[in-house]
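Q: Before we go through the terms one by one, could you show me the sequence and the structure that they are applied to?

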Amino acid sequence: MKLYIETYGCQMNFSDSEIIASVLGGASYDVTRELSMADVVLVNTCSIRENAEKRVLGRISELSAIKRKRPGMVLGVVGCMAERLKESLLELCQGVDIIAGPDAYRSLPHMLGQARDGRRMANVLLSEEETYDRIDPVRLDPSGVSAFISIMRGCNNYCTYCVVPYVRGRERSRDPETIIREAERVYNNGYREVTLLGQNVNSYRWSNGSKKVDFPELMSQVAGVSRQLRVRFATSHPRDISQKLIDTIAEHQNIARAVHLPVQSGSSRVLEKMNRKYTREWYLDRVGAIREKIPHCGITTDIITGFPGETEEDHRQTLSLMQEVRFDFAFMFKYSQRPGTAAAKRWTDDVPEEVKGQRLEEIVRFQQQMSQKSNDGDVGKTFEVLVEGPSKKDANMLMGRNSQNKVVVFPGGSHLIKTYVRVKVHDCTSATLKGTLTS
Ligand code: SAH
Ligand code: SF4
Ligand code: F3S
């Protein structure tokens with residue numbers, strides 16, 4: 001049987017698709033990259049914003065149309081939107097055979113068997129323990145350089161705008177030994193970078209009797225697998241950026257000099273309404289602590305614009321925080337009200353669409369200037385770059401990333417893929433550094 005998986009949303013979802021491929025691999029389903037070959041089509045979905053869901057619904061109706069012409073094809077919806085909409089998705093989308101939430105992937109072989117017998121079904125039970133810890137993911141990214149390792153699941157933070165705690169359930173951490181073994185395995189298979197993943201990765205905490213492992217300890221252990229293995233992590237919550245974590249990054253040359261630290265807003269008043277549990281001052285203090293201990297550390301962020309009640313003054317504070325921090329890169333979004341969240345219950349979505357649009361445009365433009373400045377500052381410097389493959393725009397060029405997670409493009413031969421090289425930067429855009437090999 002051939003399995004085709006299409007993945008939307010965050011890195012956790014991409015990592016989950018690799019877990020799904022492994023679970024189904026054990027039941028004789030092989031992954032195909034050709035939709036036309038597939039007996040089973042799964043769509044791994046995201047609920048974070050309304051747009052994300054609309055896009056997926058559009059895709060499901062396209063796939064349903066394909067299915068009508070291909071009797072025997074099974075169509076499943078998995079992931080966060082499956083969890084949010086539950087059985088109602090079966091009514092909404094008549095072409096869909098199965099619905100599986102993020103903690104139900106072990107039951108997929110059974111569910112697909114039922115679906116082939118013509119029974120439509122849903123499993124959206126959330127678990128307090130499931131971490132898929134002994135499952136060896138099937139790597140779906142063809143480059144073979146950089147692998148995701150999921151180290152915790154769920155979120156307990158309940159930021160008032162966010163749907164994740166409802167669709168991913170309670171926070172739970174994975175057995176560290178299984179994480180180290182997975183890191184060793186990918187290293188032995190030629191990978192040279194791992195990203196430790198969790199919605200709230202730095203609140204990782206595992207204990208069994210007297211044995212306790214926190215996130216900095218886990219990172220040290222993963223970094224110890226090999227000095228040739230670069231270690232990244234995503235996403236960290238500003239509240240949990242401890243001095244111990246900062247010291248641990250500083251101590252290990254192979255832990256990436258890059259922290260993705262979503263701020264969401266520069267206004268303490270808005271942060272409080274968001275239930276982010278930190279203030280503007282706290283955030284700036286943490287950035288200062290990172291910069292002091294880890295020179296040349298890339299700092300990137302997420303920002304939401306147009307949260308309920310956000311005033312022009314709040315918006316100005318976001319811009320001024322961006323100016324103060326000088327983020328290397330940012331993901332920026334318009335607030336999207338999610339049904340069932342605290343913000344949806346407490347406040348109306350009262351910033352007019354037009355104002356949200358203007359504010360977003362303003363922060364995007366400002367960030368682009370900041371990104372350009374950040375990259376301009378790298379011209380003349382030499383970086384260690386892990387080569388990922390040919391550049392998408394020019395097959396004669398190679399593309400890789402430096403420790404700060406910036407994309408670097410330079411001329412070179414394909415034998416350099418999966419190795420570390422030194423590249424001197426001589427030019428840049430706001431998105432890319434360009435350079436040449438140097439010794
Ligand atoms: N766990 C991570 C990020 C999770 S979702 C964290 O806490 O930082 C990724 C990003 O989507 C968030 O950082 C936020 O900027 C954005 N986001 C989440 N919910 C949103 C909503 N309702 N509307 C707009 N953006 C949202
Ligand atoms: Fe959502 Fe907040 Fe949890 Fe991130 S920390 S996943 S934004 S609730
Ligand atoms: Fe989306 Fe779920 Fe990730 S809602 S952002 S795919 S955790």
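A: A crossing is called left-handed if the near helix is turned anticlockwise from the far one by less than a right angle, and right-handed if clockwise. This is a predicted model, in which local features need pLDDT of at least 70 and side-chain atom pairs count only at pLDDT 80 or more, while totals for chains, interfaces and linings use all residues. Residues are numbered from 1 along each chain as its sequence is written, chains are lettered from A and ligands numbered from 1 in the order in which they are written, and side-chain values use heavy atoms, with hydrogens and water left out.

Q: What is the handedness with which α9 passes α11?
A: The crossing of α9 with α11 is right-handed. Helices (H or I, at least four residues) and strands (E, at least two) are DSSP runs, numbered from the N terminus.

Q: Why is α9 called roughly parallel to α11?
A: The axes of α9 and helix α11 (residues 280-293) cross at roughly 25° and come within 9 Å. Axes are lines fitted to C-alpha atoms, for helices over the stretch in contact, and angles run from 0 to 180 degrees between N-to-C directions. Angles under 35 degrees count as roughly parallel, over 145 as roughly antiparallel, 65 to 115 as roughly perpendicular and the rest as oblique; α9 is therefore roughly parallel to α11.

Q: Which residues of α9 and α11 meet?
A: Gln243, Ile246, Asp247 and Ala250 in α9 meet Arg286, Ala289, Ile290 and Lys293 in α11, where contact means heavy atoms within 4.5 Å. The residues of this contact divide into four nonpolar, one polar and three charged, given that Ala, Val, Leu, Ile, Met, Phe, Trp, Tyr, Cys and Pro count as nonpolar, Asp, Glu, Lys and Arg as charged, and the others, Gly among them, as polar.

Q: What makes α8 and α9 roughly parallel to each other?
A: Helix α8 (residues 215-223) and helix α9 (residues 243-251) pack at an angle of about 10°, with their axes 9 Å apart, and they are therefore roughly parallel. Their crossing is right-handed.

Q: Why are β7 and β13 said to stand at the edges?
A: The open sheet of three strands has the order β7-β10-β13, with parallel pairing, and two strands pair if DSSP finds at least two bridges between them. Because β7 (146-150) and β13 (230-234) each have a single partner strand, one side of each is left without a neighbour in the sheet. Strand β10 (residues 193-197) pairs with β13 over five bridges, and the partner of Leu197 in β13 is Ala234.

Q: How do you know that β13 is largely enclosed by the rest of the structure?
A: Buried means under 20% relative accessible area, exposed over 50% and partly exposed in between (1.4 Å probe, protein chains only). Five of the five residues of β13 are buried, so β13 is largely enclosed; Arg230, Arg232 and Ala234 lie on one side and Val231 and Phe233 on the other.

Q: Why is Glu388 called buried?
A: Glu388, in strand β17 (residues 382-390), has a relative accessible area of 19%, and therefore counts as buried.
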